[in-house]
Amino acid sequence: MTEQQPSQFERGTDGPKVIVVGVDGSSSSLRAASYAGGLARRQNALLAIVYVQPVIPAGAALGASVADTTGEIAEELVSEIRAATERAKGVWDVRWEFHTFHGDPYNGLVTAADELTADAVVVGASESAGHRIVGSVAIRLVKAGRWPVTVVP
């Protein structure tokens, strides 16, 4: 009989208790949110829906306030999520919270996952052709190796 080696500290759970999902309104991010919602329901985990508000002055050149624009997107996302939650009420109950963070998507999701003590991160696959050259948020999260990351197409 072999002796068991001491292992690292374990939280004492069999699955994720906090699942962070990044949403930005794109089709793939909404599919990721649906997928993460199913995981959260089956695991009885908290679904932390995260929208990262960009701080770049791109909209400023067009005369629009970036803070106002991203704030409106956040409000629309919350409205959509609440409506979907109401439609599924009684059929599927998922504990969820909506959080906004500021910055670029990668750093915003890393900050969110750290602050919310995420056990898993779910993101949608990039829909931008430029990410094939620069690298997508999903690839950067996987390479960080800090949480299990699921990329939803």
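Colleague: Does A33 count as buried or exposed, and at what relative accessibility?

Modeller: This is a predicted model. A33 has its place in helix 1, residues 27-43. Buried means under 20% relative accessible area. A33 therefore counts as buried, at 18% relative accessibility.

Colleague: Which residues is A33 in contact with, leaving aside its neighbours within four places in sequence?

Modeller: V23 is ten residues from A33 in sequence, and the two C-alpha atoms are 7.0 Å apart in space. Leaving aside neighbours within four places in sequence, the contacts of A33 are V21, V23 and L47.

Colleague: Which element gives the most to the largest nonpolar core?

Modeller: This core has 18 residues, and V20, V50, L109, L116, L141 and W147 touch the most other members. Two or more residues come from each of strand 1 (18-22), strand 2 (46-53), helix 3 (105-115), strand 4 (120-124) and helix 5 (137-144). The element that gives the most, with five residues, is helix 3.

Colleague: What covers the buried residues of helix 3?

Modeller: The buried residues of this helix are Y106, G108, L109, V110, A112 and A113. Their cover includes strand 1, strand 2, strand 3 (96-102), strand 4 and helix 5.

Colleague: Which residue just after helix 3 takes a positive phi?

Modeller: The phi angle in question is about 50°. The residue that takes this angle, just after helix 3, is T117.

Colleague: Which residues does L116 touch, not counting those up to four places away in sequence?

Modeller: L116 is one of the residues that touch the most other members of the largest nonpolar core. Not counting residues up to four places away in sequence, L116 touches V18, V20, A48, V50 and H99.

Key
Residues are numbered from 1 along each chain as its sequence is written. This is a predicted model: local features need pLDDT of at least 70, side-chain atom pairs count only at pLDDT 80 or more; totals for chains, interfaces and linings use all residues. Side-chain values use heavy atoms; hydrogens and water are left out. A nonpolar core is a set of buried Ala, Val, Leu, Ile, Met, Phe, Trp, Tyr and Cys residues joined through side-chain atoms within 4.5 Å. Buried means under 20% relative accessible area, exposed over 50%, partly exposed in between (1.4 Å probe, protein chains only). Helices (H or I, at least four residues) and strands (E, at least two) are DSSP runs, numbered from the N terminus. Contact means heavy atoms within 4.5 Å.
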